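Hi,

Here is the structure I promised to pass on to you. Please open it next to this email and follow along as you read.

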Amino acid sequence: MIQEHIEQIEEKVQKTAGLSSETKSELLNLLTELKVEVSNLSKTHQEDARSVAHFVAASAHEATRMERKPAQAGAALRGLTASVEGLEGSHPELTALVNRIAVTLSNMGI
């Protein structure tokens with residue numbers, strides 16, 4: 001289910017007209033990496049994996065919406081970052097990946 005959720009996010013990013021091809025490509029690559037990391041996480045921390053997927057979806061939604069809402073985008077990014085707190089020791093790759101996603105979205109103005 002989590003993998004399907006990330007695939008839906010990928011589809012939404014691909015269809016978004018307001019993103020440059022470079023930004024789309026970067027986000028899609030990060031989402032591909034995220035699928036692997038969340039799959040690994042879900043084997044031992046199912047709820048944490050769902051939380052990460054949820055906040056990635058919220059962040060992607062804010063990044064791809066036509067009318068930007070800074071307060072909502074900020075909340076989504078804070079949630080995304082918070083979703084991996086405490087996992088740095090057990091899942092450092094996931095933590096680094098979520099940070100890269102947050103930076104990419106932040107560079108987009110999210």
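A word on the ground rules. This is a predicted model, where local features need pLDDT of at least 70 and side-chain atom pairs count only at pLDDT 80 or more, while totals for chains, interfaces and linings use all residues. Residues are numbered from 1 along each chain as its sequence is written, and side-chain values use heavy atoms, with hydrogens and water left out.

The core

Let's start with the largest nonpolar core, which has 30 residues. A nonpolar core is a set of buried Ala, Val, Leu, Ile, Met, Phe, Trp, Tyr and Cys residues joined through side-chain atoms within 4.5 Å. Buried means under 20% relative accessible area, exposed means over 50%, and partly exposed lies in between (1.4 Å probe, protein chains only). Leu 34, Val 38, Val 52 and Leu 94 have the most contacts inside this core. The elements that give two or more residues to the core are α1 (2-15), α2 (21-42), α3 (46-64), α4 (70-83) and α5 (92-107). Such helices are DSSP runs (H or I, at least four residues), numbered from the N terminus.

Which residues does Leu 94 touch? Leaving out residues up to four places away in sequence, Leu 94 touches Leu 34, Glu 37, Val 38, Leu 41, Val 52, Val 84 and Leu 87. Contact here means heavy atoms within 4.5 Å.

The cavity

On a 1 Å grid over the protein atoms alone, a cavity is a set of points where a 1.4 Å probe fits but cannot get out, and lining residues have an atom within 4 Å of a point.

The lining includes Ile 9, Val 13, Leu 27, Ser 59 and Ile 101. Helices α1, α2, α3 and α5 each supply at least two lining residues, and α3 gives the most, with four. By type, the lining has 10 nonpolar residues, one polar and no charged. Ala, Val, Leu, Ile, Met, Phe, Trp, Tyr, Cys and Pro count as nonpolar, Asp, Glu, Lys and Arg as charged, and the others, Gly among them, as polar.

The salt bridges

Side chains of opposite charge can pair when their charged atoms come close. The structure holds six salt bridges, each a side-chain nitrogen of Lys or Arg within 4 Å of a carboxyl oxygen of Asp or Glu.

One of them joins Glu 11 and Lys 15 (3.0 Å, N to O). Both residues lie in helix α1, four residues apart, about one turn of the helix. Glu 11 is partly exposed at 41% relative accessible area, while Lys 15 is exposed at 63%.

Another joins Glu 33 and Arg 100 (3.1 Å, N to O). This pair links distant parts of the chain, with Glu 33 in helix α2 and Arg 100 in helix α5, 67 residues apart. Glu 33 is partly exposed at 34%, and so is Arg 100 at 41%.

Glu 67 also forms a salt bridge with Lys 69, with the closest N and O atoms 4.0 Å apart.

A loop to look at

Finally, find Lys 43 in the loop between α2 and α3. Is Lys 43 buried or exposed? Lys 43 is exposed, with a relative accessible area of 64%.

Enjoy exploring!

Key
1 Å grid on protein atoms, 1.4 Å probe; cavity = no way out; pocket = protein on both sides within 12 Å on 5 of 7 lines; lining within 4 Å.
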